[in-house]
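Please consult the sequence and the structure shown below alongside the text.

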Amino acid sequence: MSLRHLFTLVPATIGLTACASMGTRDALVSDRPDFTEATVLVDPGHVQVESGSTFSREGDTRSTSFGEVLMRTGLASKVELRLSANSFVQERAGGELRNGMQDATVGFKFKLADGPEGPSWKPALSVITHTSVPSGARVFRAQRAQPEVKVLGAWTLSDRVAFSSNVNVARPHDGVRSFTEYAGSGSFGFAASGRVGVYAEAFAFAPQDGSKVVSKFVNSGFTFLFSPDVQLDVRGGVGPSAAKRDYFAGVGLVVRR
């Protein structure tokens, strides 16, 4: 799993569960900036738009994505529609420059169980089902749809600390064949204040393509609430080979209406 492939498959699909909040309004919970998706759904009648930009380096390859747009809207109390236009990507490797739009994605998030109000071993549970739609630039377009299912769990550890985890199963296509790929993550979130949230996370991919390679990543970042409905995020991480100085960094913005 390359860094570019990471952001091709999961652009703007990362969330902070121990998030900051302001006043008495429901906390703004986004699916960025970490890889782990939040169990919280957008309320019916509201729209939440999440976007950002990421720079990554893997060996001699440099890649920058712009957009990472994910639009989320509540269809019912336990159903959320998710539409992603994804990103414009510019990639440079070996003196060659490639750029263009990634494939769009469409999917849903379903609430399975609410967690207790206070600290508990019982998790909140949700599930995401989505698929890519071959629609991007030829250089980044998959030859067929790439479906994925994500099982999401979140545990409240205290009034400021939470832990969340995802278990994912996808069917990516490498241009020749489709194969199964497993992924998992764990993320600790900390509400530092009414405006600031911080997280630390690890995640990994295990493609069942015969390579027997497991790509591991670690990252951290923070969110800052400008208002109850506007959030800035910053993140950075390393992997899959820290020895080769592979890394990624990004910023994002979330707006709720």
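A salt bridge is a side-chain nitrogen of Lys or Arg within 4 Å of a carboxyl oxygen of Asp or Glu. Arginine 82 forms such a bridge with glutamate 80, with 2.9 Å between the closest N and O atoms. This is a predicted model, in which local features need pLDDT of at least 70, side-chain atom pairs count only at pLDDT 80 or more, and totals for chains, interfaces and linings use all residues. Residues are numbered from 1 along each chain as its sequence is written, and side-chain values use heavy atoms, with hydrogens and water left out.

**Confidence**
- The pLDDT (the predictor's confidence in each residue, from 0 to 100) averages 90 over the protein, and 89% of the residues score at least 70.
- Over residues 4-20 the pLDDT is below 50, although this stretch has 86 contacts (heavy atoms within 4.5 Å) beyond near neighbours in sequence.
- Where pLDDT is low, the predicted coordinates should not be read in detail.

**Fold and burial**
- Of the 257 residues, 44% are buried; buried means under 20% relative accessible area, exposed over 50%, and partly exposed in between (1.4 Å probe, protein chains only).

**Salt bridges**
- The structure holds 14 salt bridges.
- Lysine 150 and glutamate 37 pair through their side chains at 2.8 Å, N to O.
- Because lysine 150 lies in strand β7 (residues 147-156) and glutamate 37 in the loop between α1 (3-9) and β1 (47-58), the pair ties together parts that are 113 residues apart in sequence.
- Both lysine 150 and glutamate 37 are buried.
- Arginine 82 counts as buried because its relative accessibility is 4%, and glutamate 80 is buried at 0%.
- A network of salt bridges links Asp31, Glu37, Glu50, Arg72, Glu80, Arg82, Lys109 and Lys150.
- Glutamate 91 and arginine 98 meet at 2.7 Å, N to O; glutamate 91 is buried at 7% relative accessibility, whereas arginine 98 is partly exposed at 26%.

**Packing**
- The largest nonpolar core has six residues, namely Phe35, Ala183, Phe203, Phe205, Phe217 and Phe248; such a core is a set of buried Ala, Val, Leu, Ile, Met, Phe, Trp, Tyr and Cys residues joined through side-chain atoms within 4.5 Å.
- Beyond its neighbours within four places in sequence, alanine 183 is in contact with Phe35, Asn166, Val167, Asn168, Ala204 and Phe205.

Key. Helix = DSSP H or I, 4+ residues; strand = E, 2+ residues; numbered from the N terminus.
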